[in-house]
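Please find below some short notes on the model shown here.

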Amino acid sequence: MPMKKCRDFCEQFSDYLEGEISIEECRQIEEHLAACSTCSVIYKSLKTAIEVSKLALEDKISDEVRDRLKTLLRQHCKDQECQP
Ligand SMILES: [Zn+2]
């Protein structure tokens with residue numbers, strides 16, 4: 001299996017937070033978050049943003065919010081390599 005980069009993990013964070021990924025992917029993300037401080041910071045801000053928007057929208061993340069978060073993540077993750 002090819003090594004995933006930070007960018008690949010960032011792309012999956014929103015799915016991860018919504019429980020829309022497999023157990024295997026979930027495990028990989030958790031391992032990466034434990035090892036990579038860059039991603040764990042990004043993950044925490046995404047988690048907060050999603051929790052806030054869930055409260056505001058009563059349990060559903062709108063496509064607009066989701067798109068905005070993904071754009072944000074891509075900017076953060078641009079050119080980032082994993083730095084365990
Ligand atoms: Zn990373």
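1. Helix H1 (residues 6-17) has 12 residues and spans 16 Å from first to last C-alpha, close to the 16 Å expected at 1.5 Å a residue; the expected span is 1.5 Å times one less than the number of residues. Helices here are DSSP runs (H or I, at least four residues), numbered from the N terminus.

2. This is a predicted model: local features need pLDDT of at least 70, side-chain atom pairs count only at pLDDT 80 or more, and totals for chains, interfaces and linings use all residues. Residues are numbered from 1 along each chain as its sequence is written.

3. Cys 6, Phe 9, Cys 10, Phe 13, Ser 14 and Tyr 16 of H1 are buried (20 or more other C-beta atoms, placed from the backbone, within 10 Å of their own). They lie on the same side of H1 because they cover an arc of only 160° around the axis, taken from the directions from the helix axis to the C-beta atoms.

4. The largest nonpolar core has 10 residues, including Ile 29, Cys 39, Ile 42, Tyr 43 and Leu 46. Such a core is a set of buried Ala, Val, Leu, Ile, Met, Phe, Trp, Tyr and Cys residues joined through C-beta atoms within 7 Å. H1 gives the most to this core, with five residues.

5. Confidence, as pLDDT (the predictor's confidence in each residue, from 0 to 100), has a mean of 78 over the protein chain, and 75% of its residues reach 70 or more. It is lowest in helix H4 (residues 63-77), at a mean of 71, and highest in helix H2 (residues 23-35), at 93.

Key
Helix = DSSP H or I, 4+ residues; strand = E, 2+ residues; numbered from the N terminus. Buried ≥ 20, exposed ≤ 12 C-beta atoms within 10 Å, placed from the backbone.
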